Amino acid sequence: MIVMERRRVRSWHGLEFTIELQNGWAKIGFFFHPQLANFFMRYGLPEKDRVEMEILHELGHIQMFPFVLAYYIPFYLSGISGGFEIGIATAGMFLFWEVLAEAYVFFKYRTYIEVYRKSIHPITLAFWAGIFVAVLVPLIVLILLSPA
Ligand SMILES: [Zn+2]
């Protein structure tokens, strides 16, 4: 596959690794995965912005890692147990991680708002609507199920 971009980065908690973008795939250190979220989020954006935002997004996942665990706190406090509930909470946690990684891009990429104001695609809007609902659903179910 063609390497589109390769960047050596260092996270605030001291991890040093290489981010590599290939055709629809990203490699963070040794972790190789399809660029699913980035595909929806960067749909129709100019190439230059897309590459920079994707690099920042992947770095954002590592930068935000400790904070994403906060998603478990309400579940932990309500005393969830059992594989199914933990599975639902973990699914929500992964989606919340997308939100945090993208928040990192938002704060780091100077022209973020400008870029999306010019060329946001309905596919990107639909993606975000879906993500927000999916992040909130496990929390809402938890509130509904917990005794008053
Ligand atoms: Zn992501």
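A residue is buried if 20 or more other C-beta atoms, placed from the backbone, lie within 10 Å of its own, exposed if 12 or fewer do, and partly exposed in between.

The model is predicted: local features need pLDDT of at least 70, side-chain atom pairs count only at pLDDT 80 or more, and totals for chains, interfaces and linings use all residues. Residues are numbered from 1 along each chain as its sequence is written.

The protein chain contains seven helices and four strands, in the sequence pattern β-β-β-β-α-α-α-α-α-α-α. Its C-alpha trace extends over about 50 × 35 × 30 Å along the principal axes. Of its 148 residues, 20% count as buried.

The four strands form an open sheet in the order E1-E2-E3-E4, paired antiparallel (strands pair if DSSP finds at least two bridges between them). E1 and E4 are the edge strands, each with a single partner, so one side of each has no neighbour in the sheet.

| Strand | Residues |
|---|---|
| E1 | 3-10 |
| E2 | 16-22 |
| E3 | 25-28 |
| E4 | 31-34 |

E2 and E3 run antiparallel and are joined by four bridges. Within this pair, Leu21 stands opposite Ala26 in E3. H2 packs on the sheet and touches E1, E2 and E3, its direction making about 140° with that of E2. Such angles run from 0 to 180 degrees between N-to-C directions of lines fitted to C-alpha atoms, for helices over the stretch in contact.

The largest nonpolar core comprises nine residues: Ile19, Leu21, Ala26, Met53, Ile55, Leu56, Leu59, Ile62 and Val105. Such a core is a set of buried Ala, Val, Leu, Ile, Met, Phe, Trp, Tyr and Cys residues joined through C-beta atoms within 7 Å. E2 and H2 (47-63) each supply at least two of its residues, and H2 gives the largest share, five. A second, separate core of five residues includes Met64, Tyr71, Trp97 and Ala101.

Beyond its neighbours within four places in sequence, Leu21 is in contact (C-beta atoms, placed from the backbone, within 7 Å) with Met4, Glu5, Ala26, Val51, Glu54 and Ile55. In H2, the buried residues include Met53, Glu54, Ile55 and Leu56.

Note on methods. Two residues are in contact if their C-beta atoms, placed from the backbone, lie within 7 Å.
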